[in-house]
Amino acid sequence: MTGRIDATAAEEEPGSEAAAWWAYGGPFALFGALTTVEGWVPQAYYPLVYVVKVCSVTAALVLAGAARRDIIPTGRAAPLAIVTGLAVFVAWVAIDTWVPYPHLGSRVGYDPFEKLASPAWAAPVFLAVRFYGLVVMVPVMEELFMRSFLLRYFTSPRFREIPMGTFSATAFVIVAALSAASHPEWLVAILASAAYAWLLRHTRSLFPVVLAHAVTNAALGIYVVSTGDWKYW
């Protein structure tokens with residue numbers, strides 16, 4: 001008897017399911033709550049609320065160590081991940097531009113070059129934080145919750161026994177629906193969810209999916225800054 005608890009056995013201990021929901025879903029719930037606050041406060045306070053959101057969610061992800069270990073860095077499938085990410089970006093902008101459909105609300109649409117014109121360093125610093133949140137924090141947070149946890153959990157509550165990339169049709173539909181509900185652009189969010197799920201099933205690894213999501217968001221961020229189409233922010 002060493003007193004050491006095996007990680008798989010720990011999943012079966014009373015309360016471990018609640019711990020899993022916190023580790024995987026806590027950062028996502030915190031992100032959603034603070035995003036709601038962003039829409040309530042005057043735009044003058046938006047940068048402050050966004051910085052608080054980035055710091056809080058990043059801290060929650062750091063504390064969720066067991067969940068974070070699901071992302072195993074590898075160069076395998078990186079080209080496919082990059083192509084998938086770019087394809088989702090193109091589809092996102094094209095469909096949202098050319099296919100009229102009602103959105104589920106709207107984003108803040110914050111233009112830092114207009115709102116943070118002085119001092120001169122304010123807009124670049126905010127953009128750096130904004131891109132960190134968009135390209136690093138959000139892909140890690142969403143993929144841990146959506147495709148590492150929920151896809152497996154709704155396949156079987158003993159989700160740790162489900163290999164990465166294995167999921168049921170029911171789980172796929174639930175995750176796609178949740179993705180749609182959490183984005184104003186619900187139609188393209190469903191398409192993105194399907195593309196990332198396909199990549200996960202094809203590679204059996206979460207890292208390429210995080211990479212693809214990061215590429216999508218980076219491309220979207222570059223598009224927003226270069227065109228001034230701030231509605232996506």
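Mentor: What follows sets values against definitions.
This is a predicted model, where local features need pLDDT of at least 70, side-chain atom pairs count only at pLDDT 80 or more, and totals for chains, interfaces and linings use all residues. Residues are numbered from 1 along each chain as its sequence is written, and side-chain values use heavy atoms, with hydrogens and water left out.

Trainee: Why is Val52 called partly exposed?

Mentor: Buried means under 20% relative accessible area, exposed means over 50%, and partly exposed is in between (1.4 Å probe, protein chains only). Val52 has a relative accessible area of 39%, so Val52 is partly exposed. Val52 lies in helix H3, residues 46-63. A helix here is a DSSP run of H or I with at least four residues, and a strand is a run of E with at least two, numbered from the N terminus.

Trainee: How many helices and strands does the protein chain have?

Mentor: The protein chain has ten helices and zero strands.

Trainee: What makes the radius of gyration of the protein chain agree with a compact globule?

Mentor: The radius is taken over C-alpha atoms, and the globule rule is 2.2 Å times the number of residues to the power 0.38. For 233 residues a compact globule would have a value near 17 Å; the protein chain has 18 Å, so the two agree.

Trainee: What share of the residues counts as buried?

Mentor: Of the 233 residues of the protein chain, 46% count as buried.

Trainee: Which contacts does the 75% describe?

Mentor: A contact means heavy atoms within 4.5 Å. Among contacts in the protein chain between residues at least 6 apart in sequence, 75% join residues at least 24 apart.
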